[in-house]
Amino acid sequence: MGKVKSAYFCQNCGYESVKWVGQCPSCNQWNSFVEELIQKETRNNNDWKNYHEEKRSNRIIALNEIKSSEEKRVNTQDTELNRVLGGGIVPGSIILVAGEPGIGKSTLFLQNALQLTDIKVLYISGEESEQQIKMRADRVGANLLNKNTAASANFFLLTETSTQVIFQEIKKLKPALVIVDSVQTLQTPLIDSSPGSVSQIRECAAEFQRFAKDTNTPVILIGHITKDGSIAGPKILEHMVDTVLQFEGDRHYAYRILRTLKNRFGSTSELGIYEMTDQGMRGIINPSEILITQKEEQLSGIAIAATIEGIRPLLIEVQALVTQSVYGTPQRTVSGFDLRRLQLLLAVLEKRGGFHFGVKDVFLNIAGGLKVEDPSIDLAVLCALLSSYEDVPLNHHVCFAGEVGLSGEIRAVNRIEQRIAEAEKLGFEKIIVSKYNQKGLAKQKFNINIVTMSRV
Ligand SMILES: [Zn+2]
């Protein structure tokens, strides 16, 4: 029996302290420290020596002796996931998938695991019973399993939370891919604190990290975060894992975005877009067509933005509603857009355009429940606001791409050719861009009418 030791952990960022402190020195959060029992004396050394025939040993090696493992990636059946991962799952890598509870992380990865019929996949769940998972698997894999009866033969399920038991089972099964749902439910017997606490999550993830590196088996850890990120879990793991994917979207809408936040094996600007259906997650090849709803009717307050999400061009509908304020303080409500950014744009319109938004309630919505970070949406937001303010519908064959500065200038945006090409593909007749983007456009020919502006 080792010595029992305790430490204090910031539940927000995972900072460790020997004594309790009121404010976290790392993330400045108040009252975030909780005592957790840790016991570090008896480390269990999971021995993976006989896991594979060729065991890995560490010795000095010349760089050109190392074979590039690029071609050995596990290719999933999901083109969106492959893209986000930079071309498939790298052997021995550890991938963290973070997202709010209930938006479909489990569904997506269960579905992917079922589709990987030629490798042995172990799905570990600490949240659902075998029956529940079977039901879900039947649902998401219904069309898949009928086609190929071998589909479920290589899919193994373990409902367990103790890492000790999990690793014993892993040793017996020798899976080629391990999926853990979720990392918050795991518990290692080496640490006394409860599952979901910072020290448990950290130690359990470390055990899986050692397993992944020693056996060259990829591991996918699913982790929950809340909307404000207040549950530490996944955040403290970011530096331990190779890849961090964030699964986001509003659970009331059908669309989900899988975003790369960190990737040691590929670009971090990749993005996958899914639609949640009865049969699970369906990758969307051409998202712009779905995101633009208004095409026939001419309504005020709607503008289309030519944005880039990740590295994919995406045309998004911006909806604004400006009404006379009936209360003393005018309301500003946003969905999918930054509230402070809206306030800034309103201030620009007030100061530079002389519009009196100070006495108006303003509601702004990005269609489809998407969250947009691309600043090029500014111009469309501005136009949607003005369209609603004046109650004049905009021509629905026009789209916008431009960032708006404090003095009302329209600034250039990146990848303008891609945006224009996408707008052209979707049948838009006119795109309004910054004057400062003109230089880069001189070389290329587009059929679409490009209008450039320098000021609001
Ligand atoms: Zn902290």
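User: Before we get to the helix pairs, what are the axes, and what do the angles run between?
Analyst: Axes are lines fitted to C-alpha atoms, for helices over the stretch in contact, and the angles run from 0 to 180 degrees between N-to-C directions. Keep in mind that this is a predicted model.

User: OK, how do α4 and α5 cross?
Analyst: The axes of α4 (residues 163-173) and α5 (residues 198-215) come within 11 Å and cross at roughly 15°. Angles under 35 degrees count as roughly parallel, so α4 is roughly parallel to α5. Their crossing is right-handed.

User: Which residues meet there?
Analyst: From α4 you have Thr163, Ile166, Phe167 and Ile170, and they meet Cys204, Glu207, Phe208 and Phe211 of α5. By class, that contact has six nonpolar residues, one polar and one charged.

User: Switching topic: what coordinates the zinc ion?
Analyst: The SG atoms of Cys10, Cys13, Cys24 and Cys27 do, at 2.3 Å. Along the sequence, these donor residues follow the spacing C-x2-C-x10-C-x2-C.

User: And why is the arrangement tetrahedral?
Analyst: Because the four donor atoms subtend angles of 107 to 112° around the zinc ion.

User: Back to helices. At what angle do α8 and α9 pack?
Analyst: Helix α8 (residues 339-353) packs against helix α9 (residues 378-390) at about 60°, with the axes 11 Å apart. That makes α8 oblique to α9, and the crossing is right-handed.

User: Which residues make that contact?
Analyst: On α8, Arg341, Leu342, Leu345, Leu346 and Leu349; on α9, Asp378, Val381, Leu382, Leu385 and Leu386. The contact of α8 with α9 counts eight nonpolar residues, two charged and no polar ones.

Key:
Residues numbered from 1 in each chain as written. Predicted model: local features only at pLDDT ≥ 70, side-chain atom pairs only at ≥ 80, totals over all residues. Heavy atoms only, no water. Helix = DSSP H or I, 4+ residues; strand = E, 2+ residues; numbered from the N terminus. Parallel < 35°, antiparallel > 145°, perpendicular 65-115°, else oblique. Left-handed = near helix turned anticlockwise from the far one by under 90°. Contact = heavy atoms within 4.5 Å. Nonpolar A, V, L, I, M, F, W, Y, C, P; charged D, E, K, R; others polar. Donors = N, O, S within 2.8 Å, 3.2 Å for Na, K, Ca; no water. Tetrahedral: all angles 85-135°; square planar, octahedral: opposite > 155°, others 65-115°.
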